[in-house]
Amino acid sequence: MILRVRRLLVAGAMGSVFLMAAGSTLGPAVAAPGPADDAALPVAVETFNYPNAAKILKEQGIALRKGDGHILLADCKVSKDIVVSTGMRHPGQTESGKYCFRVTGTGKVGYLSLEIPKVFNVRAGDYSVRASVTADGKTETVTVPKNEYTPVGVGIDDQNTPTMLVELRVTG
């Protein structure tokens with residue numbers, strides 16, 4: 001009989017220990033302490049500014065303003081998804097008189113606001129492109145079908161004033 005009571009006491013003690021351990025891990029969750037004022041938290045805002053734009057302006061002579069990340073300046077020896085021909089010569093160009101861009105993502109959409117002076121030709125690779133150019137204070141948008149080129153500004157008529165490319169859009 002004493003042996004039986006001893007077994008019940010040991011089993012009861014072990015059960016109590018188990019319940020105490022389970023209660024401490026399964027108890028209500030308590031939030032970690034945080035800042036007292038939510039206004040102190042920094043806010044992340046995407047501005048869509050082109051990364052390293054100041055460095056590119058200095059090294060390549062063109063201003064890349066804003067974009068969605070689907071049209072990126074590229075080495076002309078690596079990518080010619082979009083090729084912009086210009087009368088401007090700059091030591092940073094990988095091919096004299098040309099700036100090349102790579103299309104990322106699905107290739108169905110892309111946007112880049114930029115400034116490339118003296119543009120006379122825009123060529124599209126595997127993607128259709130719309131290019132906005134400015135001359136004499138007027139902006140015109142031209143469509144460049146895939147695998148073709150479209151002359152603009154002095155590319156159309158050498159009597160035209162120099163044309164600035166201000167926007168590229170991939171349309172599919």
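These questions and answers cover the salt bridges of a predicted model.

Visitor: How many salt bridges does the structure hold?
Guide: Side chains of opposite charge can pair when their charged atoms come close. Counted with a limit of 4 Å between nitrogen and carboxyl oxygen, the salt bridges in this structure number 4.

Visitor: Which residue forms a salt bridge with Arg 65, and how far apart in sequence are the parts that the pair ties together?
Guide: The partner of Arg 65 is Glu 115, with the closest N and O atoms 3.3 Å apart. Arg 65 belongs to strand β1 (residues 63-67) and Glu 115 to strand β5 (residues 110-116), so the parts tied together are separated in sequence by 50 residues.

Visitor: Where do Glu 95 and Lys 80 lie?
Guide: Glu 95 and Lys 80 form a salt bridge whose closest N and O atoms are 2.9 Å apart. This pair links distant parts of the chain, 15 residues apart. Glu 95 is in the loop between β3 (82-86) and β4 (98-103), and Lys 80 is in the loop between β2 (71-74) and β3.

Visitor: Is Glu 167 buried or exposed?
Guide: Glu 167 forms a salt bridge with Arg 169, the closest N and O atoms being 3.0 Å apart. Arg 169 is partly exposed at 30% relative accessibility. Glu 167 has a relative accessible area of 18%, and buried means under 20%, so Glu 167 is buried.

Definitions and conventions: Residues numbered from 1 in each chain as written. Predicted model: local features only at pLDDT ≥ 70, side-chain atom pairs only at ≥ 80, totals over all residues. Heavy atoms only, no water. Salt bridge = Lys/Arg side-chain N within 4 Å of Asp/Glu carboxyl O. Helix = DSSP H or I, 4+ residues; strand = E, 2+ residues; numbered from the N terminus. Buried < 20%, exposed > 50% of the residue type's maximum accessible area, 1.4 Å probe, protein only.
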